[in-house]
There are 2 protein chains.
Amino acid sequence: MSELTEKAGKLDAVDELAAKRAEFVLDGPEGAVYLDGNSLGALPVGVPGRVADVVGRQWGEMRIRSWTEEGWWTAPERIGDRIAPLVGAAAGQIVVGDSTSVNVFKALVGAVRLARETGAGRDEILVDATTFPTDGYIAGSAARMTGCTLRPVTPSEVPDALGERTAAVLLNHVDYRTGRLHDLPSLTAAVHAAGAYAVWDLCHSAGALPVGLDAHGVDLAVGCTYKYLNGGPGSPAYLYVRADLQDRFDSPLPGWNSHAEPFGMRSEYEPAEGAVRGRVGTPDILSMLALEAALEVWDGVTVEAVRAKSLALTDFFLECVGEYVPEGRVECLTPVPHAERGSQVALRCAGAGPVMRRLIERGVVGDFRHPDVLRFGFTPLYVGFADVERAARALAEELSEATAQQSHRV
Amino acid sequence: MSELTEKAGKLDAVDELAAKRAEFVLDGPEGAVYLDGNSLGALPVGVPGRVADVVGRQWGEMRIRSWTEEGWWTAPERIGDRIAPLVGAAAGQIVVGDSTSVNVFKALVGAVRLARETGAGRDEILVDATTFPTDGYIAGSAARMTGCTLRPVTPSEVPDALGERTAAVLLNHVDYRTGRLHDLPSLTAAVHAAGAYAVWDLCHSAGALPVGLDAHGVDLAVGCTYKYLNGGPGSPAYLYVRADLQDRFDSPLPGWNSHAEPFGMRSEYEPAEGAVRGRVGTPDILSMLALEAALEVWDGVTVEAVRAKSLALTDFFLECVGEYVPEGRVECLTPVPHAERGSQVALRCAGAGPVMRRLIERGVVGDFRHPDVLRFGFTPLYVGFADVERAARALAEELSEATAQQSHRV
């Protein structure tokens, strides 16, 4: 037994979240080391039974009665309130529904309209130049449809780029590629100091680390629920609108679900009060209630405990990689300081695509991001330290063999 | 046995779609007469097993591999192609995803942009003044964000309202309240003659009657899948963009799923070719694959056979109501001519709300639309003629008792 194997055992023995692993399905053909929860979270064991009930009894037997008697109609705001404490929000500010892209559109157009109430000359949107592409594409559309200019800047450049023309700024809390954690409190404060509105994308942070939306005065935020929140493939995203902005939130997608009296069937639009104003069309009940069941794994868990374990996992992975992987074979893109690290480790690596394919064949599942990045996501609720050691060892073996083969060919 | 009971038996005996009823779950506490499939279609028997497989095996065991190996990624266009023949569309023109409201926004903004390519002065959107409210609300937003004026007109007034300023027209194929079927071929032709673009909402017609999108040259269309297509509560909607317009379709929601190379992670947006251009964010897999399973009930069924039975059902319902219900107690809002009738019957009735509540208690499920409308939807795949007779008789008894009670009080 190597020193690191021994260390992994000790770390697992004192892991206060270790029991949570039993609440997830982690067997199956892919093997036990699943480091792709930053793409698709594992299945919580309570979900299949809940979904079977929603389909068989609620839809199959009760049908339309379930809209009221099973709480279908109010699911978007009820589930929003369940997500709220995970991102540091009081109740009544989050609704679930639609995709992240659609919510980015609502949030960003809403932010520009808020900015223009007091500053008609604000005609520029700043967007994280390193963003997951969809945010940039949607920001382009939001800019075009509100008569703004879109200006991509890296998050560190935001403070200098802000000015009297800035209406809104769209930023990622954690970079999807590198795993870099951006400084939400100070960037939000800088945006506010310039009189602009901050929209944060929490896809890669919610459920992995504290966000503190209320504490830091974030204006609007969006996020998906299928990564660290384990809601299932393509499960609905969410929209946060800070309580004191809700009365002025002017959605570009004012569907009937956001109406003050949706069943009044009135031809004039009158927006509902509160977070409900962020709803659009009929909520997607199957996916939404699967998500609600998935969120039960958070009972009794604090985000602080999750963050502590997340950092311990990524620290240990970096230690194992440093120990096992041949010098110079990978370059770490993820920042080493804790304050700048999310819950994933991204390694730049020659031949990353084939390397990841072979790792997956060996039962270590991460993913590959074009052109040369290996991503390993660490979900503290179900990843253990022995998993981490095994993954680093498999990576090292894979790279050593590849190196040996290359040498052999020469 | 009354004459109408006997007639119902004869009609059921020669119903070529009668065997389809066994493909739906129709027991449960609400009783056997379900006339609310125009709100939420009944559960097809194949859905629970498929959903259990998607959750338990595809998500739970295969996880991210299912995006490619189980066809998750291509589900929106694959399921679109399964819906296509039901609305008279060749393959490659429909994608499934998002809500109806979101698709109305894509279609209507897209239509205005198409109109402006050749006519910069086109700055008016016509919208069906009798529409289900969400279409009007979203049309208002589309108008505001494209610098257009929104003008509500009843469908019959559309030909006179069209002009050189008209960019796009948003119409419902079947009116959600009255069940009136609008003349899609002639209205589309009138819109085209004025140089404008026609967007049709098929929520209350798809799966109930022939639509003929391709044959009549419709430009864009949207629809939900949870009514006559039985996709489940809040199942994803769809967008049709006619093949020869796709290259010029300019979506206001250009999410990464609509990119020519979605996994290239490029910061510049380049739209995909074909129907895929109508996609936005990550597809909602649980709901989407439940819908795919639900669509299997259409195997071996023609829309023409469905339409023939639908008209026979509504004819028979009107006959039974005429025979059983006390004179003057209800007023039929649904047109009698077949060419103007969808697949529901709407009856105006004093005290419609309490009347429908009591009908539901008796096991006859329709719905109530504010302020005074009883709606009865007839889904030819699972509603039989004995159901129709029973529903009309229950309604008559309910209204006779109410009348008797009122007389008694006097």
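Residues are numbered from 1 along each chain as its sequence is written, chains are lettered from A and ligands numbered from 1 in the order in which they are written, and side-chain values use heavy atoms, with hydrogens and water left out. Because the model is predicted, local features need pLDDT of at least 70 and side-chain atom pairs count only at pLDDT 80 or more, while totals for chains, interfaces and linings use all residues.

Start where the chains meet. The size of an interface is often given as the accessible area lost when the parts come together. Here chain A and chain B bury about 6300 Å² between them. That buried area is the accessible area, taken with a 1.4 Å probe, that two parts lose on being put together, summed over both. Carbon and sulfur atoms carry 65% of it. Trp59(A), Arg63(A) and Tyr137(A) supply 14% of the area that chain A buries against chain B, more than any other three residues. The contact takes 81 residues from chain A and 81 residues from chain B. Contact means heavy atoms within 4.5 Å.

Charged pairs also cross the interface. There are 2 salt bridges between chain A and chain B. A salt bridge is a side-chain nitrogen of Lys or Arg within 4 Å of a carboxyl oxygen of Asp or Glu. Arg144(A) forms a salt bridge with Asp250(B), and their closest N and O atoms are 2.6 Å apart.

Now look at helix H9 of chain A, residues 285-294. Helices (H or I, at least four residues) and strands (E, at least two) are DSSP runs, numbered from the N terminus. In H9(A), 10 of the 10 residues are buried, so the helix is largely enclosed by the rest of the structure. Buried means under 20% relative accessible area, exposed means over 50%, and partly exposed lies in between (1.4 Å probe, protein chains only). The buried residues of H9(A) include Ile285(A), Met288(A) and Glu292(A). What do they pack against? Within chain A, the partners are strand E3 (43-44), helix H2 (47-62), helix H3 (66-69), helix H4 (75-83) and strand E4 (94-96). From chain B comes helix H9 (285-294).

Turn to H9(B). Again, 10 of the 10 residues are buried, so this helix is largely enclosed by the rest of the structure. Its buried residues pack against H9 of chain A, together with elements of chain B that include helix H2 (47-62) and helix H4 (75-83).

Two single residues show contacts across the chains. Val280(B) sits in the loop between strand E10 (238-241) and H9 of chain B. It is buried, with a relative accessible area of 1%. Val280(B) touches residues of chain A, including Ser99(A), Ser101(A) and Val102(A), and residues of chain B, including Leu253(B) and Trp256(B). Thr134(B) lies in helix H6 of chain B. Thr134(B) is buried too, at 4% relative accessible area. Leaving aside its neighbours within four places in sequence, Thr134(B) is in contact with Gly255(A), Trp256(A) and Ser101(B).

On a 1 Å grid over the protein atoms alone, a cavity is a set of points where a 1.4 Å probe fits but cannot get out, and a pocket is an open set with protein on both sides within 12 Å along at least five of seven lines; lining residues have an atom within 4 Å of a point. The second largest pocket holds about 430 Å³ of space. That volume is the space filled by probe spheres set on the points, which are joined across faces, edges and corners. The lining has 24 residues, and Ser267(A), Asp128(B), Ala129(B), Thr130(B) and Thr131(B) lie nearest the centre. H6(B) gives the largest share of the lining, 4 residues.

Finally, follow the salt bridges inside the chains. The whole structure has 60 salt bridges over all chains. Arg242(A) and Asp219(A) meet in one of them (2.7 Å, N to O). Arg242(A) lies in the loop between strand E10 (238-241) and H9 of chain A, and Asp219(A) in the loop between strand E8 (197-201) and strand E9 (220-223) of chain A, so the pair ties together parts that are 23 residues apart in sequence. Both Arg242(A) and Asp219(A) are buried. In chain B, Asp53(B) forms a salt bridge with Arg57(B), with the closest N and O atoms 2.7 Å apart. The two are 4 residues apart in helix H2 of chain B, so about one helical turn separates them.
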